[in-house]
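Hello,

Here is the structure I said I would pass on. Please have a look at it first; my notes follow below.

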Amino acid sequence: MSITEFLTDLLNPDLAFLPKALAIAVMSSIVCGVVGCYVVLRGMAFIGDAVAHAVFPGIAVAFVLQGSLVLGGAVAGVATALLIAIFSQNRRVKEDSIIGVFLVGAFALGIVIISQAPGYAGSLQQFLFGSITGIPDRDLYVVGGAGLVILGLVLALHKEFVAVCLDREMSRAMGLSVFWLDIVLYVLVTLAVVISLQTIGNILVLALLITPAAAARLLTDRLGVMMLLAPLIGGVSATVGLYLSWSYDTPVGGTIVLVATAVFLAAWLFAPRHGLLTRRWRRPGGQELGDDAHPSSRPALSPAK
Amino acid sequence: MRALDIEGLDVDLGGRPVLRDIRLHLDRGELVGLLGPNGAGKTTLLRAILSLARTRGGTVTVEGKPSRPGRSDIGYVPQRHEFTWDFPISVEQAVMSGRTGRIGLLRRPGVTDWRAVGDALDRVQLTGLRRRPVGELSGGQRQRILVARALALGPRILLLDEPFTGLDMPTQELLGDLFTSLAREDRAVLMTTHDLVAAVDSCTRLVLLNGRIIADGQPADLQDAELWTTTFGVSVTSPLLKLVRAT
């Protein structure tokens, strides 16, 4: 399918769910891209995974009670994030084990709850792998509003989050409340995950959080640039992913994640300073590869985004 | 008024006594070396001074007032491994992060903050590298970033935790000179170290610590071998005694 056909479909009133899905996918990948920078830089990807799974029982309860899935997921995710933060104060069991316990426990609870609902198999698949149909109009506003709140909090607390990422001990000495800043960050991660669930699905949502931020980290040594690049990569991946998914009838969540993964691999190979191939070309011995004698290799030299 | 006044300080960690009846005073202009073996409670004492460690008893008074995190006039230089060096941040931003608490919530760094960072970078001679990512710097330069970050608050008291660890001799010497001149600029400097030679050489006063204070005096006054053998739990034939010229 050509780009023009895709644009026509986007404007076709009979396919009203398509622009809605695109809007939600782009909004949530922008939010996830920004929040994901902290997740990647603090090495807390596992926490992202945990809250992603932990929102499942909340969604299951909301599904059974016919309530708002976003709200149900948010409540369950935030509750789990708080439990992890509190339980990990006890240093006898390490944080990653605590996360492991709650991640699987919450997911198990979700499976048990949703099995009580009649005809759950279809909805289960929708939760796990995402879907572009059946998004209520209300969710557009919920996702947009929540996204603005998350980005606002990131802007307001950025300086503090950076200080805690850099040096927890020094942050305490400066009088910052490290515990509460951790909790706020966990909650922001949870909310970013929850608003992304609709299109991407429970299993793959972690990719939206980690992959664009990790790719951005490869492309720059400046935090400000990284926090602009990550949402850009996320947004572009979501758009291209949705287009490919619509053209080739592939699952939308999986396609978006595959596009993001391709961007990450390209960054890993071709990043201006630290890319694997870029470094090889720069070395005197490998110079001929970058010479004009091989014009075919030239386009690849420019970074992906 | 003393810069730092510690009276009868007791600290427990995990139910075990770590520090008992610590009495220590620091005046401005002093560079005091805090020496002791691993587990002697050196870092814990620094944390107690910052009121980051919960104390069981005793008082810590900074410039006449009880110590409080973020309120007291203390610059803290933690061990180098506490800092996330692979973070994508420039040298001057890393130094600015030391002022996060003072700038306050919802505010951005202003002219005063940038001036303080500029002065701190000048003081440790890193101005030329201010835009460099921190990950690209050497061990000695990294240590100076941490010192600049503490200096950015313009503190009267400077606490340094193991600033020499893992650095070569020329770098140690450079840093030792820096600490001496920082103390001469009317600051009280307290530094833990395992580098006995550097400590004996550059400190105006040494404190031997092992759970309690075993000795406190000028390097020349601490030549009784027994003080060192008690503090470090070594035998009288240990080469450590030769290092510190004790008999």
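**Domains and contacts**

Chain B splits into two domains by its domain assignment: domain 1 (1–73 + 156–247) and domain 2 (85–155). Bear in mind that this is a predicted model.

How far apart are the C-alpha centres of domain 1 and domain 2 of chain B? They lie 25 Å apart. The two domains do touch: twelve residues of domain 1 of chain B are in contact with eight residues of domain 2 of chain B.

Now the domain 1 side of that contact in chain B. β7 (157–161) and α6 (169–184) of chain B each supply at least two residues to it. α6(B) gives the most, with four residues. By class, this side of domain 1 of chain B has seven nonpolar, three polar and two charged residues.

Next, the contact between the chains. Chain A brings 22 residues to it, and chain B brings 20 residues. Which elements of chain A give two or more residues to the side that touches chain B? They are α7 (137–166), α8 (168–173) and α11 (223–248) of chain A. α7(A) gives the most here, with seven residues. The side of chain A that touches chain B divides into twelve nonpolar, two polar and eight charged residues.

So much for the contacts. One point on interfaces in general: their size is often given as the accessible area lost when the parts come together.

Best wishes

Terms used:
Residues numbered from 1 in each chain as written. Chains lettered and ligands numbered in written order. Predicted model: local features only at pLDDT ≥ 70, side-chain atom pairs only at ≥ 80, totals over all residues. Contact = placed C-beta atoms within 7 Å. Nonpolar A, V, L, I, M, F, W, Y, C, P; charged D, E, K, R; others polar. Domains from an automatic or database assignment.
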